[in-house]
2 protein chains.
Amino acid sequence: MRVGLLSGGVGGARFARGLQDVLEPGALTVIGNVGDDLEALGLHVSPDLDSILYALAGLNDEERGWGRAGETWNALAAVTAWGGEDWFALGDLDIGLHLVRTQALRGGERLSAVTERLAGAAGLSTRIIPASDDRLRTSVHTPAGTFGFQEWFVGRGHRDEVDAVSFDGAEVAQAAPGALESLAAADAVLIAPSNPYVSIQPILAVRSLREALASRRVRCVAVSPLVGGRAVRGPADRMLSRMAGGTTPAHIAGCYEGLVDALVIDEADAPGDAGVPAVVTSTLMTDLDAARRLAWVALEAAR
Amino acid sequence: MRVGLLSGGVGGARFARGLQDVLEPGALTVIGNVGDDLEALGLHVSPDLDSILYALAGLNDEERGWGRAGETWNALAAVTAWGGEDWFALGDLDIGLHLVRTQALRGGERLSAVTERLAGAAGLSTRIIPASDDRLRTSVHTPAGTFGFQEWFVGRGHRDEVDAVSFDGAEVAQAAPGALESLAAADAVLIAPSNPYVSIQPILAVRSLREALASRRVRCVAVSPLVGGRAVRGPADRMLSRMAGGTTPAHIAGCYEGLVDALVIDEADAPGDAGVPAVVTSTLMTDLDAARRLAWVALEAAR
């Protein structure tokens, strides 16, 4: 069973790892969000692609929830001491990856090609494909003004309420090589339990990817990122409340209208009328086993 | 007593520290070699300027002889794991500095301005000025071909004998802002115990700097980098043997013909007829005290 997964960062990455563990090697392709990519200290950082890579390779820090296990922060401490730009937390191990990627991109390599090389270096059979090689950046519109995603998320601690999100460059962004093909070849498509607005919508903002999903011939199942109407981490619940009017399964499903055939929700949420069939399970990925169980349920719903 | 010092990396940096310790705060200006600057992993690295900065700030690793004390190597380990360029040893603390400088340079700041900021961040009263803000790179001509300095020094472990060195860009390179002024204002000029060919000549290859030294009105004293005709570290002795025909004080002084008024040499070397008066002392800078004593002797010779 070949599976295409649309995923954002941490939660989605953990779900991807669960999927990878229960599928045959090579059966999974993850299409990752690039809307929150940024330049920090002159390095091209792709937080979501990295979270996916680290989780799939077993390099992620389970406790912290992001970044690498065993991470150290010496370079950033030096940056601070030298008066450099230190608002974005970059660990030493992480910087090693960013240096390799940034050098490749400056040398003209495409993000998708670098990403494929990195996955290969980690020995992954799972493919990781950025939604697009073209510049596509999420902007967040708030009462305090419009901000780049990371400026809002990290710089301002995502405290501002969000009125709308937009995706600069999305109108002209092409799907990265392999993305459409992997969706076309998939026996099922899944949408990870990621923030619909800033993790999944930036992927769907690539017209050809949205069209591929809208015209799918296989089932597409989304996993809700909420547990009891609350985000496990991050601002998804607040964004849904303000922009969709609530945090029920119906509000989640509304973010994917016409694109999904079922929604996996947590036992703590009342299915209500979500617009699509709801599959109820425990969605909290407290450990790898829980991630695998959730992956299994989502796959069953997609069969 | 205001002093201008021409210096390369490790040995010169240690000498600079000795000078800084025995001079009044703010009395020392170090003009540093940039001929062995390089791009590694997309980072602009200025090994000699950094050695000087680290030594003056007390951040250098005394035992290893280069780089920072307490250095860690996690980013580079990650670079290796991801299949990146790892031939040039970059520690995490060191990378922090390179990130700050590289970002500033890409933003249009001049190397001299960045260097001044870094020295300021370290709280130094000593000025560090790169010989030039313009691109000036040392090439090494060997029987095996011509190599960039670092390619030869690090990449090939400086095993190839050297027939000649040349300095790409030197014909048009301007002295960095402040360099000529500091030499003009100095009460004495010193040349550090650095490799004459690849540490000092690249500085003197900047025409205006050489002319400033040639037309000096104050004494200029060089310190020999050799002890008993041998380099304390690095290939200076082999280069002198091959290119100058020997490793006596006369051969060292010959590298600075017309530019120095005296040469400080080690007790292990016979003064012979060096062409300029020789001042004999212990030149091995085994610790800070030894560096200060050597600095003192050189200053006395320059009075």
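Q: How are α1(A) and α12(A) oriented to each other in this predicted model?
A: In this predicted model, local features need pLDDT of at least 70, side-chain atom pairs count only at pLDDT 80 or more, and totals for chains, interfaces and linings use all residues. Residues are numbered from 1 along each chain as its sequence is written, while chains are lettered from A and ligands numbered from 1 in the order in which they are written. Helix α1 (residues 10–22) and helix α12 (residues 288–302) of chain A pack at an angle of about 75 degrees, their axes 7 Å apart; axes are lines fitted to C-alpha atoms, for helices over the stretch in contact, and angles run from 0 to 180 degrees between N-to-C directions. Since angles under 35 degrees count as roughly parallel, over 145 as roughly antiparallel, 65 to 115 as roughly perpendicular and the rest as oblique, α1(A) and α12(A) are therefore roughly perpendicular.

Q: How many residues of each class make the contact of α1(A) with α12(A)?
A: Residues are in contact if their C-beta atoms, placed from the backbone, lie within 7 Å. Ala, Val, Leu, Ile, Met, Phe, Trp, Tyr, Cys and Pro count as nonpolar, Asp, Glu, Lys and Arg as charged, and the others, Gly among them, as polar. The contact has nine nonpolar, one polar and four charged residues.

Q: Which element gives the largest share of the side of chain B that touches chain A?
A: On that interface, 27 residues of chain B are in contact with 27 residues of chain A. The elements giving two or more residues to the chain B side are α3 (74–81), α4 (92–106) and α5 (111–121) of chain B, where helices (H or I, at least four residues) and strands (E, at least two) are DSSP runs, numbered from the N terminus. The largest share, ten residues, comes from α4(B).

Q: How are α4(A) and α3(B) oriented to each other?
A: Helix α4 (residues 92–106) of chain A packs against α3(B) at an angle of about 45 degrees, with axes 7 Å apart. Among the residues that meet are A:Leu93 and A:Leu97 in α4(A) and B:Leu76 and B:Val79 in α3(B). The two helices are therefore oblique.

Q: Is B:Glu63 buried or exposed?
A: B:Glu63 sits in the loop between α2 (47–56) and α3 of chain B. A residue is buried if 20 or more other C-beta atoms lie within 10 Å of its own, exposed if 12 or fewer, and partly exposed in between, with C-beta atoms placed from the backbone. Because B:Glu63 has 6 C-beta neighbours inside 10 Å, B:Glu63 counts as exposed.

Notes:
Contact = placed C-beta atoms within 7 Å.
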